[in-house]
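Take a look at the model below. Then follow the paragraphs one step at a time.

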Amino acid sequence: MAIVEVRDLYKSFSRGAERIDVLMDLNLDVQEEEFVALMGPSGSGKTTLLNLIAGLDGPTAGTITIGDQEISSLSESELARWRTRNVGFVFQFYNLLPVLTAYENVELPLLLLPMSKAERRRQVTNALEIVNLADRMSHRPGQLSGGQCQRVGIARAIVTDPTIIVADEPTGALDSKSAEAALDLLNLLRSELGKTIMMVTHDPAAARSAQRIVHLEKGRLVGADTLNTLRPAHAE
Amino acid sequence: MNPDMMMGQSGPDLSLMQTAIYGGAIMFGAIVIATVMACFTLPIFFGAMTLLSLGLRVLQNAPDPVGKSSKIGGLVFRSLRRNLLRTALTYVALFVLTWMLTGIYGMVKFLGDFTAEKEDSQLVIMSEKFSIPSQMPPGYANQLRGVIETLPPSNRPRPLSDEERVKKGVAPSPAGPIAAQELRELFGDDLPTDPANPKRRRFEQLAAEGVKENLMTWSFVGASLDPTKFTQENNLFLFALDPDAVTSGMMSEQGLNKEDLGEEGWTEMLRVINLVKEDKRNIVIGEDRLKIINKKVGDEVKFYSTNYKDITFECKIVGAFPAGSRLAGGAVMRYDYLLAKLDDYQKTEGAAHPQADRCLNLAWVRMPNKTSYQALAAKVNEPGKFNAPAAKMETFSAVVGSFLEPYKDIFWGMKFIIMPAIVCIMCLVIGITITIGVRERWTEMAVMKVLGFQPWQIMGMIVSEAMLIGVFGGMLSTWFLYFTPLLIRKGTKAVGLKFAFFDNFTMPWEIVIYGPILGIAVGLIGSALPSWNARKVKVSEVFAQVA
């Protein structure tokens, strides 16, 4: 069953009088519990597509349906509310709030939900245990390594038990060992927790962690590889 | 208020350059003091912030929504703690600017109150109409008493009631007990006109006391302890007056009252004045002046008048006005001693002293209301009265108004240019600080939006940061400005801070409220633009730039 349905999607930006088409006539389905990697050259529109699916931006035309919700028609406030519950976002540079501890960073999105303190504590602890950082709860981002920060970022993304996790270059700022650990973690989330994951990456090795790779070029889908049909070129 | 300012109609003749230099120096001094005070209050500011932050932390354990809101509120404090130097500098700037603004507001309001026409009790001043300094014949005092006696009962000065006497520490009236109710009944328009009527007789008795208690004369005597030279170290400026003016409370404005001197100080003042009443050669000198002329209480002094040529006074110092008080640099002697010396001169020289007919400088009358003042002024201005030389009658506020007339443009500029300019600068200071903070946290704002924070929540957090600094800057600044003079006044047991020629300068109490409100307002205005920008942050654009 498709949990993400993108239909006839157009996205363009205006720069002065000039109109720049970023995404054109794009259709995409992502199944529940699927791990999809979006690849393509710079400017191909992969981050834009990810932002649109995460409800961070609105399409120029077309529809995006996540679960049962058609999000392209939601207002900014409605989108914000929707995101809290349904989207977990993993950033390339972690983007943790430096003044908060790991626990508080993970708890942050839960503050926006009607949830008791005990429930919050349970969920935050659970999320940090999943990413294997239960012993670093009271550490601030400055006291953690890059890999640990990214794991806190992943814990923050899953703490609300979202419908979909979107990750924008999650391994881009990590060393190979940490990157591998982060990708393993994402795979674990998919396999153990049944999460649907969409990841933008330039790294073919990282993309191979996904079940499917979607290629974008000049704002259009140009092809897709499944795990079994990955060509050697992508592994280079 | 110092009577010497009433010698003339206008203030000192300062050139624009001098005024600018004085103004600049005062401004600079005020900024330095305010900055020192701001630095001094920094621990209080950060202490209060920490306490509030701890309070929020405690509240985080409370059930939602309080607990949850406290967590989000805690973010505001943490953001302010990120860059302590910037937060401290912004606080100091706001403190100093509020200080300046409130200082100007307090001064303008103080002067405004002085010059405002009052409806109730009026202090009115009779002085020479066309000559500066005012010099009138001594007979004008009695003439004025006669004029007052012709006024209808409702317009006559009233003696203090027993209740007011107790409050002010004034001795009981020789006219017996006086109830406030009795004063209201007798000093009305329906009083019987028959002189034999007991009510009328009682009224006349009280009205005579009323004139005694509410009329005083001022004569100014300049003197030197050395007949051959006049220096800073040997000169003396004396007010020649009736000592009863002190005990009846007519010199309250000079700080000679129970409230300013305290119970003990006032009792001592009454003791000293009684000594002056005992012997006309007894005088009281201010402590500051005593130090300068190197004399002490108990010393006998001989001084030579500078404005009453060839008149010499032999006096005994029986008391001192407290240091720091309005009269600390001056002295008080008996008016009848001056008159006696002028009589002696006539006897020995065979001719009246040139100043004998010009020895009354001012006469003060406290009238019960504006109508009574107008009635008295109309009588004084009647043809044939007080015409050699011509005298005029003005309210105290009108005199102050005339004195301040040359400065009215400066006051206007302070009120309508400098004050709004300071508010604008405050908004700008806070705006710049918050803008820098927002720019530094641009990505964090975007992340919070991604996590689901509503635009208004982000905006609210930014505005709260600005308002927090603003409210503390405004509050601590105005509170220090209001309470410091009060404490100094209490500590020195003097008449209070002197401000130009005015006594008892205190900041208006409302600044205690206006300060925090101002802080909130400039916080709101200053953070409007940066918080709006933070609200509108485009997540996709921020991350596109980061990437």
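Among contacts in chain A between residues at least 6 apart in sequence, what percentage join residues at least 24 apart? The figure is 68%. Two residues are in contact if their C-beta atoms, placed from the backbone, lie within 7 Å.

Some ground rules come next. This is a predicted model, in which local features need pLDDT of at least 70, side-chain atom pairs count only at pLDDT 80 or more, and totals for chains, interfaces and linings use all residues. Residues are numbered from 1 along each chain as its sequence is written, while chains are lettered from A and ligands numbered from 1 in the order in which they are written.

Stay with chain A. Its secondary structure comes to 8 helices and 10 strands. Both are DSSP runs, numbered from the N terminus: helices are H or I with at least four residues, strands are E with at least two. The radius of gyration of chain A, taken over C-alpha atoms, is 18 Å, close to the 18 Å of the globule rule for 236 residues, so chain A is as compact as a globular protein of that length. That rule is 2.2 Å times the number of residues to the power 0.38. The C-alpha trace of chain A spans about 45 × 45 × 40 Å along its principal axes. Of its 236 residues, 47% count as buried. A residue is buried if 20 or more other C-beta atoms, placed from the backbone, lie within 10 Å of its own; it is exposed at 12 or fewer, and partly exposed in between.

Now find Lys46(A). It sits in helix H1 (residues 46–53) of chain A. Is Lys46(A) buried or exposed? It has 28 C-beta neighbours inside 10 Å, so it counts as buried. Leaving out residues up to four places away in sequence, Lys46(A) touches Leu38(A), Met39(A), Gly40(A), Val200(A) and Leu216(A). Lys46(A) and Val214(A) are 168 residues apart in sequence, yet 9.4 Å apart in space, C-alpha to C-alpha.

Next, a pair of helices. Two packed helices are described by the angle between their axes and the distance between the axes. Helix H5 (residues 146–158) and helix H6 (residues 176–193) of chain A pack at about 15°, with axes 9 Å apart. Axes are lines fitted to C-alpha atoms, for helices over the stretch in contact, and angles run from 0 to 180 degrees between N-to-C directions. H5(A) and H6(A) are therefore roughly parallel; angles under 35 degrees count as such, over 145 as roughly antiparallel, 65 to 115 as roughly perpendicular and the rest as oblique. The contact divides into 6 nonpolar, 4 polar and 1 charged. Here Ala, Val, Leu, Ile, Met, Phe, Trp, Tyr, Cys and Pro count as nonpolar, Asp, Glu, Lys and Arg as charged, and the others, Gly among them, as polar.

Move to chain B. Its helices H3 (residues 84–115) and H17 (residues 511–535) have axes that come within 11 Å and cross at roughly 135°. They are therefore oblique to each other.

Finally, see where the chains meet. 24 residues of chain B are in contact with 23 residues of chain A. On that side of chain B, H2(B) gives the most, with 7 residues. Turn to H15(B): 8 of its 10 residues are buried, so it is largely enclosed by the rest of the structure. Just after H15(B), Gly452(B) takes a positive phi of about 115°.
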